[in-house]
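Q: Hey, can you walk me through this one? I'm new to it.
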Amino acid sequence: MEAKRHRAFQFRLPELVLCVLLIFSGVNLAFSSGGFVDSFQRVGFTVFSTLQKGLHSVTSGLASTVTAVHELSRLKTENKILEEQLKNYEYFQRNNTEIRKENERLKEQLAFATSLEQKNYPAQIIGRNPDSLYSGLTINKGSRSGIKKNMPVLAVQGGNVGLVGKVVTVGLGTSIVMPVYDLKCNVSARIQNTRDVGIVSGLGSADVPLSLRYIKKRVLEELHYGDIIVTSGETENFPRDIPIGTISRISILDYDSSLSIDIVPAVDFSRLETVVVVDLHEVNPAAGMIPVQAQ
């Protein structure tokens, strides 16, 4: 039994040679026809191209991310630079606008100061003190510049001249001006069209009208809203015919023989920056040197 089993698993030489020849022939036939090589090449190309495509995608993605981060950083830097340049431009633009306005105001003031017959001193308001006994305006000129007590103070705004008040306190380098709206300020005034004379008094604040008193009721029909009130020049405390303000309201009081008249000041005190202090007793040496432009 055992001998038979060993003989069943033994190959005979002719059969082995036949198998080898068949395998060799098949392989030779496959290589000679090219089908096997083509199949192998296609499989290899597919695998390699897939790997190459994936690697390219990963590389491209990383490169795009790095480029985007770099570009974002560059844009942030440029944006910061542009913001700083814009701030500088706006700053210089505001400065240029302020300089132009200041030059216009100074030219206007210089032209007005030169046109006056009396000697005068242009000055700048450097302080306001509404809590004092009088609502003082502090100017940057004093006795060293020639300022004296009781000198009248004028201003020009937008080509229009107006009365500001008078000097009440003089220091070496500064002075205090009492404005026309102060309770203690009284100015001899004249209605420009009727030539009637009265007294203009302040009511203590730049935000309320001035008061014109001692105008007789008989001239009521000749008065109109907007009529100009000017300095009379009779007391020699102020130049003649300087605008004080315009009539804004006329009231008739039964118990008074005079009219009660409200006056809007010619000067806008909330915007007042520069003034001209006038010396009524000295002639202006620069009068007429620079002609005043017509408005």
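Q: Is arginine 249 buried, exposed or partly exposed?
A: Arginine 249 is partly exposed, since its relative accessible area is 39%. Buried means under 20% relative accessible area, exposed over 50%, and partly exposed in between, with a 1.4 Å probe and protein chains only.
A: Bear in mind that this is a predicted model, where local features need pLDDT of at least 70, side-chain atom pairs count only at pLDDT 80 or more, and totals for chains, interfaces and linings use all residues. Residues are numbered from 1 along each chain as its sequence is written, and side-chain values use heavy atoms, leaving out hydrogens and water.
Q: Which residue forms a salt bridge with arginine 249?
A: That's aspartate 262, with the closest N and O atoms 2.8 Å apart. A salt bridge here is a side-chain nitrogen of Lys or Arg within 4 Å of a carboxyl oxygen of Asp or Glu.
Q: How many salt bridges does the whole structure have?
A: Seven. One of them joins arginine 74 to glutamate 78, with the closest N and O atoms 2.5 Å apart. Those two are about one helical turn apart, because they are four residues apart in helix α3 (residues 35–115).
Q: New topic: how many aromatic pairs are there?
A: One. The ring centres of tyrosine 181 and phenylalanine 269 are 4.9 Å apart and the planes are at 85°, so the pair is edge-to-face. Rings of Phe, Tyr and Trp (its six-membered ring) pair if their centres lie within 6.5 Å; planes under 30 degrees apart count as stacked, over 60 as edge-to-face and the rest as tilted.
Q: Are tyrosine 181 and phenylalanine 269 buried or exposed?
A: Both tyrosine 181 and phenylalanine 269 are buried.
Q: And how many residues are in the largest nonpolar core?
A: It has 47 residues, and those with the most contacts inside it are Val164, Leu212, Ile261 and Leu272. Such a core is a set of buried Ala, Val, Leu, Ile, Met, Phe, Trp, Tyr and Cys residues joined through side-chain atoms within 4.5 Å.
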